[in-house]
Structure formats: C-alpha cells, structure tokens
Amino acid sequence: MSASKASKTPQAPQARPGDMRPLAEVPGERPPKPRPAPVPDPEAAQYWAAMGEGRLLVQGCTRCGNRQLYPRQHCLTCRGPVEWVEASGRGTVYSYTVIRQNHQRPFRDWIPYVVALVDLEEGPRIMTNVVGCDPEDVYVGMTVEATRFDVLSDEAGIALFEPVPGFEHRG
Amino acid sequence: MSPARAGRRAVIAGVATSDYPHLPGMSEHAVHAEAAGRALADAGLEYGDVDGFATAGFFPMYAVGVAEYLGLHPTYFDETHAGGASFEVLVEHAAYAVEAGIAEVVLVTYGSVQLSQMGRRLGTGGGGRGGMAPGPAIYDALWGNTLVGSYALAARRHMHEYKTTPEQLASVAVTMRDHAAHNPQAQYRDAITVDDVLSSRLVADPLHKLDCCVISDGGGACVVTTAERAADLRKPAVHILGGAHATTHHMNLSADADLTVSPAAQSGPLAFERAGITPAEVDVAQLYDSFTITVVLTVEDLGFCAKGEGGAFVEDGGLGLGGRLPTNTDGGGLSACHPGMRGMFLIVEAVRQLRGEAGETQVPGARLAVAHGTGGMLSTGATLVLGKEAP
C-alpha cells in the first residue's frame, strides 16, 4: 500500500486530527505497527524509564548548573558531573515540519503528522511529535506541553507534546 | 595550500564523471572504475602512477575495498566520511598528503547506484535503517522524522527568523533547472517556474518535491598531485588554494544549537583565509544543493551575503549565469544528478569552469571557484577554494 493511499484511509472514529496513535486496522491491511522502542544506553536508562512513568527528566550539572539533553556522561559546558532534574514539561516550538511522505511504518500510517524541535523551559531542546491539534495549527513559538507519555517497552517511554489548552490559533 | 613542503603545491590534474543519471547495468564499484579511468585519462596518467587513494562509502574499510576492486595497492588511503561533503574533505586531505610529500598521485573516486538499488525513497524513510544509527542517534529517531524533514525544520526556522519565502527557496530550484537544460546528461532538463515548485506536492512542510534533489546513479573522480608533476600532463592544472571542514552534530538535529547556521559558517572563513582570498573574489560556485534551503544557508554562511539575506540573494536569478554568484552550472543535485553524496560532482564542475571547459554554462574568465559540500542533516560542511592560477 502506497503512502498516498494510506493518507486517504478513513480514520477510525476515536482518532483525533493530528493524533499519533496508529489508525484502526483496515481490512486486508497489515496490523498497525508500533513505534520502535529504544534500547537505552546505560547512562540514559533513567531518562527513558521516567518517560515510561509519565515524567520528563533533563540532566543538570552539579558544578555549573547547565541543563542538557540528550543524556550524556558529562556536562557539555564544563564536563562536570550531571544529575537528573525533573522537567516542567512545558516548552516552545523552535521549529516544526509536517511530514507528508514517509515510507516506513508505523509513520506512514500517521501521515500527515508534526515533527517538532521543542525548547524546554529548562533549556534543553528535544525532538518530538506535536499531537492533539491539526498539524496546520502548529507554529514556531507555540507553547506546548508534554501531556502524553507513550509506553514503548518495559524500560522506555516517550513524551509527546500538545498545545497548551486555549492556544492561540494563527492563520 | 600551506604549510607546504618547499616546492610542492597541490593541484587537481584530472577530473571526470561516470555516466549518469541511471545505470541499471552497473555495479557501484564499476561506477567508481568508470570515473577513475576517465579521470586518469583526463590527466594523462595511468593506474601505475597512483600511490594514493581516497573514497567514502557506507561500509567499513570501504576505500580499501574499492582499491582492491580497482587493482590499486596504495601507500596512502583515506575514507573520511562526512556524508555529501566527504569528497571535499578527501581532496583537502589529499592536498596535504601530496604537499607533505607522502603521496605523489592521489586518486579520489565516488560511485553509487542508489537509484537502481533503492529507488526514490531515500529521503523519506526508505533508506533501510530509517535514520537509525547506533548509540545517541536514537534520541531523534523515534519521531518519524525524515531526511527531507530535517532540512524542512531548518527551512521553517529560517523563514521564521528572516522572513525567507517559499518563492525565494523555489527560485534556487528554478535556476538549477535552467542550468541543467544545457547539460545533456542531466536527469531533468525541462524548464520549471517558481509556481511549478510551489504547486508540486509538499513532502515535509515547507519543502515541496521540487525543493528536493533528485535521486540518481552516478559517480566521479579526480586526481590530486603536485603542480610540478602536473606541469607536463594533458590538462592545465587547477590549484587547490585552500580547504577546511567543520561539523556541528551528527544524526540529532536537537543537538544543533542553531538550525539557520550550517557548518559552512566555520569551514568557509577558514578555507578563504587559508586560500588568501575573500568571498567577493569568487567567480563561480558549486554549492551542495540537497535541498533549496541548503543553498540559501550556504551562500550566507560562506559570506556571499549577510545572514538572513540568502533568500534575497538567490531570487531573481541571483545564482544564474550573469547573476550575483553563478552556482551549480551543471544543474546541481536539484536537477542534474544526486547519487547520494554529490560532493565529487561539485569538484569536477568547479575544475571544468576554471579550465574553460563548461560549455554553454561557462562563466567567462572564471579564475576562482568554490566547491562546498554539505553532509548529513546539515551535519558537516567542507569548503574547497580552487584557482586557475598558482597562488
């Protein structure tokens, strides 16, 4: 099945515009494929596990206070030791794109969807999907919040972001 | 380039492309061999003259394997991988090697049968691993981003910060197609308009299909040696005046501090300084055009215009013959040929311009050329400054 056909597939009733959940199975189509799960590096095990529990962590340097993602062995600013800091989950869209062609499943089943880089309040930037709104509603500078944490495996989840309630529509 | 061992100055003595853009009857290694044989013939050299070899590909010990296929036993080899910028890096390294006296004749080759092997899905998740690489690449890999999406993120941010317009981006593709019309080998040669680009389907907003490079088979090669060795060879030598390369991130765009600035902002000034010239002196440019936004970022970062003014610089034929900076005179990756890592084609076309061999798209009197490769997801940049005359 081609991507263009996939994009014309009627959405299941429970799917919302911009939703990242796989579409309901279409007769004759292969079953929905889940998002791939990471095999966490040891220094990032807590990061992935926390998202599986609905919490977003960033790293904070115990020496200079720098906050960073992705998780690393040392602080990127001063190479000092790092600890885990609970993040608010709020951030601002630094940039975004609406993916309209991706031949890989499961993403192909979700077209069109938003890939965004979000600058967290704490400073670090992460890649994510902005869901829960029409892809056309997303804009640079939009305030978003990590409201959905999808469990991918026993050891990992991921944070998905939605516009804060009552977000400003820009047209 | 300097510091040079007394009397040894690096030049490019031979260049060639393989046939392109569709080679269903050839293996990847055969494309290397076709380009290599032609580049050596162009220089008036033979395989027996070659003591150094460089290439880049997607397999460990790739250069060693291609050397084996070609029947070479080099005592200098290099496979530094910088994505599409690899060949600018490899030629820079080769220049250092010949100037240091550790190699006499370095053959640099590229070959790909990407179109025949994988079809047209590379930039949109069909590359097999889907952007997955070991280790830290996982942090940006779970979101369904694509190669096109990565450049789209840069384009969107550039549009936000500098009011760059889709029409300005599209004008890059229009100019490249104008140039491709003069290249009989080009994959697409029929003229297009800004409206054609904007009405082609969106692949990843704000990039349309015609904002994206083509997917091709093909390859190229060049021969790096000293000016002294090249003096009695077939073609006039083209001097390697300066080179530099830089990187900001690998597979994680989230690790790049500013998507509106490419590694060219570091490699460009270094290369110009090493060459002893300024951007204003450049007569013709070959700039990696994986996507239209790539060119806009590159003209800014190399200093052909100020940051944020790239959109205005490229519109209205700014990159055309007689424009502000004649660029990608073979039609570029957007129209002529893009087999995956196009950097070698930039070098070949730059050399042809400086020799006066560029045919209908020859820039009259071109003396100084820049070839700038961009690799990965704006991850690497490598600049070569080439000159018709010795420094």
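Start by selecting residues 106–112 of chain B, which make up strand β4: 7 of its 7 residues are buried, so the strand is largely enclosed by the rest of the structure. Keep in mind that you're looking at a predicted model.

Now show the side chains. In a regular strand they alternate between the two faces of the sheet. Here, V106(B), V108(B), Y110(B) and S112(B) sit on one side, with L107(B), T109(B) and G111(B) on the other, and both faces are covered.

Strand β2 of chain B, residues 52–54, runs parallel to β4(B), with 3 bridges between them. Zoom in on F53(B) and you'll find L107(B) opposite. Then pick strand β7 of chain B, residues 218–226: it is antiparallel to β4(B) and joined to it by 7 bridges. Here, look for C222(B) across from V108(B).

Most residues other than glycine have a negative phi, and most peptide bonds are trans. Select M61(B), in the loop between β2 and α2 of chain B: this non-glycine has a positive phi, near 60°. Is M61(B) buried or exposed? It has 12 C-beta neighbours inside 10 Å, so it counts as exposed.

Stay in chain B and go to P206(B), in the loop between β5 and β6. The peptide bond joining D205(B) to P206(B) is cis, with omega about 5°.

Finally, hop to chain A and the loop between β2 and β3, where you'll find Y70(A). The bond from L69(A) to Y70(A) is cis too, with omega near -5°.

Note on methods
Residues numbered from 1 in each chain as written. Chains lettered and ligands numbered in written order. Predicted model: local features only at pLDDT ≥ 70, side-chain atom pairs only at ≥ 80, totals over all residues. Buried ≥ 20, exposed ≤ 12 C-beta atoms within 10 Å, placed from the backbone. Helix = DSSP H or I, 4+ residues; strand = E, 2+ residues; numbered from the N terminus. Pairing = 2+ DSSP bridges.
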